Structures are given as structure tokens and as C-alpha cells.
Amino acid sequence: MTRVASRQSLAPQVGHEARTPRPDAHSSDVDTVIVLDFGAQYAQLIARRVRESKVRSLILPYDTPFNELLGLRPKGLILSGGPASVYESGAPRCDPRIFSGHVPALGICYGMQLMAHELGGRTSAAGQREYGRTRLFVDDRADLFAGLEARLMCWMSHGDSVVAPPEGFAVLARTDHNPVAAMANRRLQQFGVQFHPEVTHTPWGTQVLQNFLYNVCGCRPQWTMASFIETQVAAIRHTVGAGRAICALSGGVDSAAAAALAHRAIGDQLTCIFVDHGLLRQGEPEQVIQTFRDSFQMPLAHVDARDRFLGRLAGIVEPEEKRRAIGEEFIAVFNEEARKLGRVEFLVQGTLYPDVIESGTRTAARIKTHHNVGGLPAQMQFRLIEPFRELFKDEVREVARHLDLPDEMVWRHPFPGPGLAIRVLGEVSADRLTLARSADAIVVDELRTAGLMRKVWQAFAVLLPVNSVGVMGDARTYGHTVVVRVVTSEDGMTADWARLPDELLERLANRITREVPGITRVAYDITSKPPATIEWE
Ligand code: XMP
């Protein structure tokens with residue numbers, strides 16, 4: 001945790017106070033549903049299911065002022081679950097006007113309990129808790145359960161439950177232990193479900209959400225990646241006006257897609273800055289330059305800072321010190337380049353939803369400080385433009401595909417800000433970087449040939465500060481050791497080592513020892529995360 005939280009990044013950072021208004025607020029032509037987050041593990045999943053139903057979704061904290069919510073003109077509200085009990089002191093409560101019928105609302109789990117509590121129903125912690133697969137008996141299939149069977153299997157995860165619905169509410173469904181598993185007040189358009197329709201373990205749950213979105217809220221299924229891009233382009237144009245913006249390109253898909261989107265909006269008012277610190281993978285600098293300068297014809301400042309970074313890293317072996325040195329150097333180079341461009345007011349970043357949520361919000365605990373969600377040095381007075389703050393990585397990959405970024409870039413694996421410096425254990429030198437980069441290129445090449453690049457989360461080589469004895473052509477060798485690390489993961493928070501075919505592992509060892517002079521031993525990392533992390537430093 002400490003290690004992760006103290007990560008230094010390569011990208012410049014700014015504080016939340018400098019953030020531009022959310023672009024979505026400027027366009028209301030696409031129907032929007034707001035997910036109010038009560039500290040749920042699944043809030044982002046709810047928002048995602050709404051988007052998959054082609055309706056725009058925004059996640060906002062539970063205590064967002066009522067007028068602010070109305071100002072966004074939502075067609076519906078979904079109240080998420082959460083770990084609290086409505087009777088606890090300090091339990092999260094939203095403005096009670098939310099339940100007054102101004103806007104249709106669907107409460108899920110805690111959201112339903114709060115709805116019941118606020119409208120005069122009774123919830124209790126004394127009933128039987130339900131976790132996991134649970135039988136559901138549906139007695140009313142008029143709207144929320146339209147088109148579904150009367151007997152279903154749902155996914156439950158609750159301690160408290162509603163024992164008596166508020167006046168004016170009908171019970172729609174029950175379970176063996178829970179007399180109010182779903183309820184509705186049709187006059188007020190208030191609905192509640194105790195189960196979780198957003199999880200895959202409730203396979204028909206999307207139908208319930210869509211019944212709410214289309215039939216209750218009257219949402220039109222208009223949100224598509226193409227409409228998202230259109231909306232964001234309009235919002236960026238509106239925000240930047242006649243001003244100037246910059247974007248730091250790292251070579252990864254998030255910043256690349258953010259740059260391509262911003263360029264579509266403001267053309268040459270955007271300048272991309274690509275700092276080549278000499279710590280990238282094989283062929284990466286050339287590809288970034290080729291894509292952005294030559295194919296997209298975007299103004300691109302290419303800064304060759306390889307010597308500068310190598311000089312700064314000389315003699316450093318401690319991982320955190322490496323990260324700090326690289327982060328500081330990056331900010332210094334970036335500042336110098338930004339100053340050369342004259343007056344720049346906006347900084348475009350490819351921040352994703354997991355970056356935001358893991359860095360901590362008012363309702364979610366901090367997991368780690370992501371480089372792009374921290375604070376910029378005070379002298380950098382940029383306003384942030386972050387079009388992907390609500391999206392997940394695979395959604396950004398879809399945006400990138402729509403913007404015609406090359407496949408190679410769209411499907412690029414995550415790569416740490418400090419680059420190969422944290423995959424060359426011990427001192428970083430030009431020679432050792434070459435060894436790591438060459439071995440890494442073979443790993444990528446073999447995984448690609450085997451058709452596995454899109455199936456694994458990351459695949460790379462790590463150079464150890466360890467020599468070992470070998471024998472080549474009857475002679476003794478004493479050479480470097482490389483570890484191959486290939487992991488599967490959903491989000492990088494947990495990971496498992498990839499069970500690669502023996503023949504592939506064999507080819508990796510053969511090629512690396514044959515093609516990279518000086519490497520005499522190859523090991524395969526079979527540790528999951530936890531207890532290890534994905535990277536070695
Ligand atoms: P770990 O090593 O903690 O990494 O399991 C989880 C994911 O984060 C990436 N990573 C970083 N990304 N700056 C980044 O932007 C960093 O300093 C950094 N360190 C690790 C790592 O590659 C993996 O995908």
C-alpha cells in the first residue's frame with residue numbers, strides 16, 4: 001500500500017479545484033440517468049449497465065445537492081447499494097426531495113432501504129440476511145419485471161431488509177426469507193429492489209434495469225460511442241473556446257485517445273508533448289510520432305530527453321528513489337516545453353474512472369494515488385479536460401477504435417509511468433536498458449504470434465541484478481538473468497500468472513538466450529497478486 005501510494009508518475013498533475021466543468025453538463029440532447037453512489041462496490045457496474053443499454057450515465061456522490069441534480073436534467077435516478085445501515089448514526093442520506101416524484105427513482109439494496117425509511121416504511125436488521133444466489137418470487141410483472149418469469153434466481157448481498165413498505169407502495173416480489181424483495185409506488189415512480197440487477201449473477205438483471213430506463217423513465221436508447229465522442233467534442237470546443245491546450249502523450253491508449261478526441265474538437269489549438277525519456281519499449285517512440293505527427297498531422301513537440309533521464313538515474317538503485325527522480329525530471333521537462341508554447345490554459349488527460357475511484361473520492365476509500373489525479377505544481381495553472389473520467393479501459397479502447405487509432409495502440413498493454421526503469425532492477429544504464437528492451441520485445445512478439453496479447457493483462461521482461469553460470473558451446477558463461485512476467489487480470493488490482501503453454505515458454509527461453517547476447521538464464525514468475533505485485537519494483 002505504501003509502495004503504491006508513493007508512486008511517482010511521469011504525467012503532470014493538477015488538483016481537483018482546477019478542474020473544468022464536467023463536459024456532460026453542456027449537452028442535454030442525450031437522455032441521462034444519474035447513479036447516486038452510497039459507497040457501493042457496484043456503482044460503476046450500474047453506470048456501465050446503463051451505458052450498455054445506450055443511455056448516458058453519470059455517477060455522483062449521494063449528497064449531491066438536489067438542485068444540482070435537477071440542473072443535469074436526468075430522466076431517472078438510480079440509488080446504489082452501500083455498506084451502511086439506515087439506522088446507523090452518520091449513515092449516508094440523500095436529499096429527501098429525491099423521493100418526492102420529481103424524477104423516477106430506482107433504489108438498489110441500501111438505496112431501496114433508504115427509500116423505504118425516508119417515506120415511512122420499516123426496515124430491520126433483525127430479519128434473515130441473504131447472500132449469493134437466492135430464489136425470487138415475482139407477484140407483479142406490470143413494469144419493472146415485464147417480460148420476465150414469475151420464478152427467478154437473483155443475487156443478494158444484504159444484512160438489513162425492508163419489512164414493511166411505505167404507504168402507497170405495492171410489493172412486487174419476495175424471497176423465502178424476505179417479504180419485500182421489490183416494491184413500487186407507481187404514482188411517484190419510485191421503485192426499489194433488494195437484489196443486485198447489475199451483477200452478472202443476476203443474469204436477467206439488465207432486463208429490470210432496461211424496464212426502468214425505457215418504460216418508467218422513458219429514456220431513448222441513443223447513447224453510443226459515436227454520440228459520446230460527438231458530445232465530448234462539442235464540450236471540449238465549448239470549454240476551450242479560442243484558448244490553447246496541451247496533452248502529454250505517453251504512448252498508451254488513454255492519453256492517445258484523449259489527444260485524438262481533443263484534436264478533433266480544437267485542431268491546431270492542441271499541441272501534444274511527447275517526452276522520450278529513453279525508458280519506453282521497443283519501437284514505441286517511433287510509433288507515437290508516426291501516428292500523431294504523420295498520420296493525424298497533429299502538432300507534436302517531440303522532446304528527446306534520453307540523456308537527461310539516464311544522467312539523472314545514474315547511481316540510483318532504490319525503487320522509490322527511481323520513481324521520484326523520474327517524476328521530478330518529467331515535470332521539469334514538461335514545464336520547460338509548455339512555457340515555450342506561450343499561453344496555455346488547458347491540459348487534456350486520459351484519466352479513467354478506476355484512476356478516479358482508486359485515488360479516493362468522498363464515498364470511496366483511497367486504494368492508490370494515480371498519477372493523473374493528484375496535484376500539479378502550483379506554477380502550472382492549467383484547467384483539466386478529462387473526457388474519460390466516467391469510462392473503463394475497454395470503453396476507452398472502443399473510443400480509440402472509433403477515432404481510427406492504429407490497432408497496435410488500441411490494444412497496448414498498461415505500462416507504468418516510470419517505464420523500463422522499474423523493470424531494470426538495480427542500476428539503470430543504457431546497456432542494461434537495451435538488454436531489458438530486447439528481451440521484452442521477444443516476449444511481446446511471441447505472445448502476439450500465439451494470439452495471446454489480448455487475452456492477458458500484461459506480458460513483459462524484467463532484468464535482474466543477478467548473474468548466473470551457464471554453458472554455451474562447451475564454454476562457461478556468466479551472464480544476466482531475465483524474468484518473464486505474464487499476468488491475467490480484470491483491472492490490475494489483483495492478478496494471476498498466466499498458464500502459458502510449455503512450448504511457448506520454451507521458445508521464449510530459447511529466443512531470449514540466443515538473440516540477446518549477455519542473457520544466459522530465463523525464469524518465469526509464477527506469483528499472483530497478492531502477495532506479489534505485477535511489477536517487480
Ligand atoms: P502493481 O505493480 O502495483 O501494478 O501490481 C498494477 C498496475 O499498475 C501499473 N503500474 C503503474 N502505472 N504508474 C502507472 O501509471 C506507475 O508508477 C505504475 N506502477 C505500476 C502496472 O504496470 C500494473 O498494470
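Ile-273 stands opposite Ala-301 in β14. The model is predicted. The exercises start from this pair.

**Exercise 1. In which sense do β13 and β14 pair, and over how many bridges?**

Step 1. Place the strands. β13 covers residues 270-276 and β14 covers residues 300-304.

Step 2. Find facing residues. Ile-273 faces Ala-301. Val-275 stands opposite Val-303.

**Exercise 2. Give the strand order of the open sheet, and explain why one side of β14 and of β16 is left without a neighbour.**

Step 1. Write the order. The five strands run β14-β13-β12-β15-β16, with parallel pairing.

Step 2. Look at the ends. β14 and β16 (383-385) stand at the edges with a single partner strand each, so one side of each has no neighbour in the sheet.

Step 3. Neighbouring strands are turned by 25 degrees against each other on average, direction ignored.

**Exercise 3. Which strands do helices α7 and α10 lie across?**

Step 1. Take α7, residues 253-266. This helix lies across β12 (245-249), β13 and β15 (346-348). Its direction is at about 155 degrees to β12.

Step 2. Take α10, residues 319-340. This helix lies across β12, β13, β14 and β15. Its direction is at about 145 degrees to β13.

**Exercise 4. How many residues of α2 are buried, and which are they?**

Step 1. Count. Helix α2 spans residues 43-52, and eight of its 10 residues are buried.

Step 2. Name them. They are Ala-43, Gln-44, Ile-46, Ala-47, Arg-48, Arg-49, Val-50 and Arg-51.

Step 3. Go just past the helix. There Lys-54 takes a positive phi of about 65 degrees.

**Exercise 5. Locate the residues that UniProt lists under "active site", and decide whether Cys-109 and His-196 are buried or exposed.**

Step 1. Read the record. The unreviewed UniProt entry lists Cys-109, His-196 and Glu-198.

Step 2. Check the spacing. These residues are spread over 90 residues of sequence, yet they cluster in space, with a largest C-alpha distance of 11.3 Å.

Step 3. Cys-109 is in the loop between β4 (105-108) and α4 (110-118). His-196 is in the loop between β11 (190-193) and α5 (205-216).

Step 4. Apply the cut-off. Buried means under 20% relative accessible area. Cys-109 has 5% relative accessibility, so Cys-109 counts as buried. His-196 has 5% relative accessibility, so His-196 counts as buried.

Step 5. List contacts, leaving out residues up to four places away in sequence. Cys-109 touches Gly-81, Ser-157, His-158, Val-193, Gln-194 and His-196. His-196 touches Tyr-42, Ile-108, Cys-109, Trp-155, Ser-157 and Thr-202.

**Exercise 6. Which backbone oxygen lies 3.0 Å from a polar atom of the side chain of Thr-481?**

Step 1. Thr-481 is in strand β18, residues 475-488.

Step 2. Check burial. At 7% relative accessibility, Thr-481 counts as buried.

Step 3. Name the partner. The oxygen belongs to the backbone of Val-466.

Step 4. Beyond four places in sequence, Thr-481 touches residues including Val-462, Leu-464, Val-466, Asn-467 and Arg-521.

Notes: Residues numbered from 1 in each chain as written. Predicted model: local features only at pLDDT ≥ 70, side-chain atom pairs only at ≥ 80, totals over all residues. Heavy atoms only, no water. Pairing = 2+ DSSP bridges. Helix = DSSP H or I, 4+ residues; strand = E, 2+ residues; numbered from the N terminus. Buried < 20%, exposed > 50% of the residue type's maximum accessible area, 1.4 Å probe, protein only. Axes fitted to C-alpha atoms, helices over the stretch in contact; angles between N-to-C directions. Contact = heavy atoms within 4.5 Å. UniProt positions renumbered as here; feature names shortened; annotations may be inferred. Polar contact = N/O pair within 3.5 Å; in protein donor to acceptor, adjacent residues only side chain to side chain.
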